[in-house]
Amino acid sequence: MTRKAKITNDEDERKDQRDRTDKLKQTLQGKAKLPVEAPKHLTGYAKDLWEIIVPELNETGYVIAVDSSEVETLAMNYQMLRQAYESIKSVGITYKAGDKIFKNPAVSIIDSATKVIKSIGSDLGLSPQSRATLIDMASSEDDSENNLADYFKG
C-alpha cells in the first residue's frame with residue numbers, strides 16, 4: 001500500500017515534498033472554490049456542517065469546486081451519524097420485540113458513517129494528522145481549528 005503524498009512547505013522537510021506542494025498550490029490557484037451556501041438538498045446537520053467547513057476549506061487553497069462531492073458525502077454521513085445517535089439515545093443500543101432482543105440498526109449506521117467521515121475528513125485535511133500538514137500553509141489568521149472543534153462538540 002502506498003503512502004499519501006505529504007503536503008508541506010516546512011523547510012525541515014524534503015525538497016521534493018516542498019516542490020510538490022508548491023506545484024499543487026500553483027495548479028489550484030485560480031480554480032473555482034466550493035460554494036459557501038450548501039446545496040439545496042442538504043438540510044439539518046448536513047447543511048450546517050457544509051456552511052461551517054467550506055469557508056475553512058476554501059481558505060486552505062487545496063479544496064476546489066470539483067471536490068464538492070467529497071464534502072457533500074462528508075456532510076450527509078455526518079447527518080446520518082447524528083440521526084443514528086438520536087435513535088440510540090431514545091431507543092437504546094438494543095430493543096426488545098416480543099421475547100427477542102435486537103441490536104438497534106443505528107449502531108451499524110454510526111459505525112459505517114464514522115468510517116466514511118474519518119476517511120473523507122482526512123482527505124480534506126480535517127483530522128489532526130492531516131491538518132498538521134496543511135495548517136502551516138493556510139493563509140487564514142482566524143482560529144479555524146476552534147470553529148470546527150466547537151461545531152463537533154455539538
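Predicted model: local features only at pLDDT ≥ 70, side-chain atom pairs only at ≥ 80, totals over all residues.
Colleague: Why is Phe102 called partly exposed?

Modeller: The relative accessibility of Phe102 is 35%. Buried means under 20% and exposed over 50%, with partly exposed in between, so Phe102 counts as partly exposed. Phe102 lies in strand S2, residues 100-103.

Colleague: What makes the nonpolar surface patch of about 250 Å²?

Modeller: Val91, Tyr95 and Phe102 make this patch. A patch takes residues with over 30% relative accessible area, and Phe102, at 35%, therefore passes that cut-off.

Colleague: How do you know what span is expected of helix H1?

Modeller: Helix H1, residues 15-28, has 14 residues. The expected span is 1.5 Å times one less than the number of residues, which is 20 Å for H1. From its first C-alpha to its last, H1 reaches 20 Å, close to that expectation.

Colleague: Which residues of H1 are buried, and why are they placed on the same side?

Modeller: The buried residues of H1 are Gln17, Arg18, Thr21 and Leu28. They cover an arc of only 100 degrees around the axis, and therefore lie on the same side of H1. The face turned away from this buried side carries the exposed residues Lys15, Lys23 and Gln26. Just after H1, Gly30 has a positive phi of about 85 degrees.

Colleague: What makes up the largest nonpolar core?

Modeller: This core has 17 residues, and Leu57, Val71, Leu74 and Leu124 have the most contacts inside it. Helices H2 (44-60), H3 (68-91) and H4 (105-123) each supply at least two residues of the core. H2 gives the most, with six residues.

Methods
Residues numbered from 1 in each chain as written. Heavy atoms only, no water. Patch = residues over 30% accessible without salt bridge, like charges linked within 9 Å, V, L, I, M, F, W, Y side chains within 5 Å. Areas by Shrake-Rupley, 256 points an atom, 1.4 Å probe, with all protein chains shown as cover. Salt bridge = Lys/Arg side-chain N within 4 Å of Asp/Glu carboxyl O. Helix = DSSP H or I, 4+ residues; strand = E, 2+ residues; numbered from the N terminus. Buried < 20%, exposed > 50% of the residue type's maximum accessible area, 1.4 Å probe, protein only. Arc of directions from axis to C-beta. Core = buried A, V, L, I, M, F, W, Y, C linked by side-chain atoms within 4.5 Å.
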